[in-house]
Amino acid sequence: MAKSAIRRKRRNPSAGLIHLLNQRYRQEWERAEAAQGELDRLHHSPLGTLIRAMRWLKRRVCPAKPSAALAECATPYVASREASVSTGMVSIVIPFRDQPELLKNCLRSVFASSYTNFELVLVDNGSVERRTQKLLDRLAIRGNVRLVHAPGTFNFSKLCNVGSAVASGEFILFLNNDTEVLTADWLERLLRIASDPRVGIVGAALLYPDGTIQHAGLFPRTDGEWVHPYRGERADTSGDEGELRRVRCVPAVTAACMSMKREVFHALGGFDERFPTDCNDVDLCQRARARGLSVVITPHARLLHYEGLSRGFKV
């Protein structure tokens, strides 16, 4: 490898992850192409003709309703008088299974944080790769890293609960291994809000690697589906009346980066393990709100989310 190429790689440690993400998108594109071919064949078959006729009849008998609107909106967050800046320890719980490139990149960004009073609780869901073990061996010499073995079928809720059981920090922060911290003071930003006794859960703003918005809060629609408003829009989008530039109370935040007091998490009963992959974060946020606690998101803590790399896309 040429020296100039080596220098470029060192300057951009995320380049390898972008390559992996491109490979994943290529696989999804090929799968979509194959599916489209099957749909085209169906379209020109007698069955396809019958399906189109039935859809036409349904539109005539049951006209389509207007697109579902959001059932809730964000509201401004106002800190209570009891809120104070905390210097307590944060236990950062990261479930993972192999993918050492992802984990290494995530930890590199975490170690660059300006707030240093934290411990890492790495929950290993049955890694088998030799490269993963080498990375874990290097991490073992650090005093603020704990490794918990939790093999078995992937269940995000269970892995987070296992990690929280050994966490010793005043605060818990659940973090996906396919994230990368962009703001060095992200922990201070999150703790400032999580310290508020009226706040139950705090989330961060997440961006796709192409610089567009992935997460700015989760909202229910009137049809019951939970969605990410502003998803895919530019990162500098200010939102309706500039709301994306302000700290806001929202119905829910993603567990890809979610923080709260440890006592709050245990009082809520942790994640519901009946939700192994989806809706566990929404469920936890809803239980917090049912207790009168706010769910807040801050645009001042930003992370990249290499969504689709750690476990793939949903089919």
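A cavity here is a set of grid points where a 1.4 Å probe fits but cannot get out. With that in hand, here are the close-ups, all taken from a predicted model.

**View 1. The largest cavity and its lining.**
The largest cavity has a volume of about 140 Å³. Of the 16 residues lining this cavity, A205, A216, L244, P299 and R302 sit closest to its centre. Which element gives the largest share of the lining? That would be β13, with 4 residues. Sorted by class, the lining has 9 nonpolar, 3 polar and 4 charged residues. As for the count, the structure holds 1 cavity of 30 Å³ or more.

**View 2. Helix α4 against helix α5.**
Two packed helices are described by the angle between their axes and the distance between the axes. For α4 (residues 100-111) and α5 (residues 130-139), the axes come within 9 Å and cross at roughly 25 degrees. Angles under 35 degrees count as roughly parallel, so α4 is roughly parallel to α5. On the α4 side, the residues in the contact are P100, E101, L103, K104, L107 and F111. They meet R131, T132, L135, L136, R138 and L139 of α5. By class, this contact has 7 nonpolar, 1 polar and 4 charged residues.

Is T132 buried or exposed? T132 has a relative accessible area of 1%, and the cut-off for buried is under 20%, so T132 counts as buried. Leaving aside residues up to four places away in sequence, T132 touches F96, D98, Q99, P100 and S127. One of these neighbours, P100, also belongs to the α4 side of the helix contact, and another, D98, turns up again in the next view.

Most residues other than glycine have a negative phi. D98 sits in the loop between β2 (90-96) and α4, while E241 is in the loop between β10 (226-227) and β11 (248-249). What about burial for these two residues? D98 is buried, with a relative accessible area of 9%, whereas E241 is exposed, at 68%.

**View 3. Helix α9 and what covers it.**
Which residues of α9 (residues 280-290) are buried? They are N280, D281, V282, D283, L284, C285 and A288. The cover over these buried residues includes the helices α6 (156-166) and α8 (262-267). It also includes the strands β7, β10, β12 (257-261) and β13. Just after α9 comes G292, where phi is positive, at about 85 degrees.

**View 4. Zooming back out.**
The secondary structure of the protein comes to 9 helices and 13 strands. Of its 315 residues, 44% are buried. Among contacts with a separation of 6 or more, 81% are between residues 24 or more positions apart.

Technical notes: Residues numbered from 1 in each chain as written. Predicted model: local features only at pLDDT ≥ 70, side-chain atom pairs only at ≥ 80, totals over all residues. Heavy atoms only, no water. 1 Å grid on protein atoms, 1.4 Å probe; cavity = no way out; pocket = protein on both sides within 12 Å on 5 of 7 lines; lining within 4 Å. Points joined across faces, edges and corners; volume = space filled by probe spheres on them. Helix = DSSP H or I, 4+ residues; strand = E, 2+ residues; numbered from the N terminus. Nonpolar A, V, L, I, M, F, W, Y, C, P; charged D, E, K, R; others polar. Axes fitted to C-alpha atoms, helices over the stretch in contact; angles between N-to-C directions. Parallel < 35°, antiparallel > 145°, perpendicular 65-115°, else oblique. Contact = heavy atoms within 4.5 Å. Buried < 20%, exposed > 50% of the residue type's maximum accessible area, 1.4 Å probe, protein only.
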